[in-house]
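Open the model in your viewer and keep the selection panel at hand. This tour goes from one selection to the next and says what is there.

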Amino acid sequence: MKYLYEKDLRQMKYNILTSTRHDETVRAVAQRLGMSDAKLRRALIQKLDMSFLENLESRWQMGQKHADNGDPVAEELGCELFTRFIPLVDTEAMQTIYSDTTAMAQNTPLDEAIRRGKERIREAILS
Amino acid sequence: MKKTVDVSIPLGPMHPCWKEPVRIKCETAGERVLRTEIELGYMKKGIERIMRGRPWQEVMFLAERVCGICSVIHNMVFIETMEKISDIAVPPRAAYLRVVVNELDRMASHILANFSYCYTIEHETLAMYLLNIRETVLDNLERITGSRINTAYMIPGGVRFDLLPEDAAVMLADLMKVEEEMKRYTRIFETGPLIALRSKGIGYMNREEAIRAHTVGPTARASGVEDSDLRLCHPTYQALGFTQVTRTEGDNFARVMVRFQEVFQSIDLIRKCVDTLPEGPIRGGGLCKAGTASYSGEAPRGELTYTITTDDYGRVVDITIRTPSIMNVEACAHAMISEATSIADVTSTFISSDPCIACNER
């Protein structure tokens, strides 16, 4: 059953994300994740509500300052950044990716392990 | 919203407790709130787009129309951003007068926010007392600026009107009355057992969560976030010896109490300003030039940031406004209301964060 008061918010969410400051933030996040802006925008629209999208810029700034301080693998993957500051990935899924990446880093070069970890993060975001 | 349970309770967009239309969708399990989602878009003004391409003389009036409650600070931050772009100096007397008007506006805003909270928890007596005393504050704002809400008091390089000695005397007498009354109202709020039941330990947000969402203003200060008041960095406030009010409880009670405490602080600041008001002109003059600048000021609800680009003719080419409610409303929905033990606390918790939807949607 479709309720009358349930509106399609995608257009309004898209408008929020394409305003000057938000667009800059989306591009920065997409670059960090290594994915296209359009794909990230679609994931943000699907996963986050309007007030979260409005606050995206501030959360991104705070994440840059305070998230994942200390652990280089967690910092590269953005474990806290993409679960607690900008919740695009489930905490459990991110924990699994982090554990697997740390384990992989024992046998393979760190860059390669992180590259694979980031690939899995992108898959988790788009799933 | 992805459904996890069957019971989804929509609050708003038209709700007796809301001052402005917004919709909060709550997913609940019995009384317990599991998830919340905010739905905006009922009062989008597109004011940033309206401002673009217009001369600063027009944008100045538009800026204070972003919000009807804290219009003075929008005027102040816009003008101080223009002054930063154009290297315009403000005479000391004008800088002090700006603080006087800004603090009167802050008092009016905080009293209105606490009125709304008391009204929401159905303590109508205290709510009406607060609304009544707010009139005295607005009368003083009108006496100085000629208007209660949209004052357009500040202009690049100064202010529009001086504070006459007889007006200052009346204002100080009124502030004494406001202080006395507010002490009584604060005591009623602090000691009321029913108020405590609806406020203490309700809508809790810890310091880490407040930092993560970049919460600002009294909402951040009630959760123990230090150095979260931009008045600490403002030269005039520094000269007046300003210190930040901070509490650590992080609940509805703390947020309302921070506002009560800040009203007394504003009264003290105004008194200091009047006592030490420098002699001299109230307008320094200056020409608005081309450039880009970002500037933040402390609004009653927290950090307000204007980023402006102007051209050689003083036209605003680009402008973005980041209002405090963007951060506070989001933190409220995702940190304070989520996991609330009772759906009845959703409205009071939302109001305790002093949400301004007009600011949020711009």
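How many residue pairs are in polar contact across the interface of chain B and chain A? The rule finds nine, counting pairs with both residues at pLDDT 80 or more. That cut-off applies here because this is a predicted model, in which side-chain atom pairs count only at pLDDT 80 or more.

**Stop 1: the interface**

Color the two chains separately. Select the contact residues: 27 in chain B and 21 in chain A. The size of an interface is often given as the accessible area lost when the parts come together. Here chain B and chain A bury about 2,200 Å² between them. Carbon and sulfur atoms account for 50% of that area.

**Stop 2**

Next, switch to cartoon and pick out the elements on the chain B side. Two or more residues each come from β2 (23–29), β3 (32–39), α8 (207–212), β8 and α12 (324–337) of chain B. Stay on α12(B): with five residues, α12(B) gives the most to this side. Color the chain B side by class.

**Stop 3: the largest cavity**

The largest has a volume of about 110 Å³. Of its 13 lining residues, Arg21(A), His22(A), Glu48(B), Ile321(B) and Arg362(B) are the closest to its centre.

Which elements supply at least two residues each to this lining? Select α2 (20–33) and α5 (56–66) of chain A, then β8 (316–322) of chain B. By class, the lining holds two nonpolar, five polar and six charged residues.

**Stop 4: the second largest cavity**

Move to the second largest cavity, with about 50 Å³ of space. Select its lining: Trp18(B), Lys19(B), Glu20(B), Val22(B), Phe350(B), Ile351(B), Pro355(B) and Ile357(B). Color by class again. This lining has six nonpolar, no polar and two charged residues.

How values were computed. Residues numbered from 1 in each chain as written. Chains lettered and ligands numbered in written order. Predicted model: local features only at pLDDT ≥ 70, side-chain atom pairs only at ≥ 80, totals over all residues. Heavy atoms only, no water. 1 Å grid on protein atoms, 1.4 Å probe; cavity = no way out; pocket = protein on both sides within 12 Å on 5 of 7 lines; lining within 4 Å. Points joined across faces, edges and corners; volume = space filled by probe spheres on them. Helix = DSSP H or I, 4+ residues; strand = E, 2+ residues; numbered from the N terminus. Nonpolar A, V, L, I, M, F, W, Y, C, P; charged D, E, K, R; others polar. Contact = heavy atoms within 4.5 Å. Buried area = accessible area lost by both parts, 1.4 Å probe. Polar contact = N/O pair within 3.5 Å; in protein donor to acceptor, adjacent residues only side chain to side chain.
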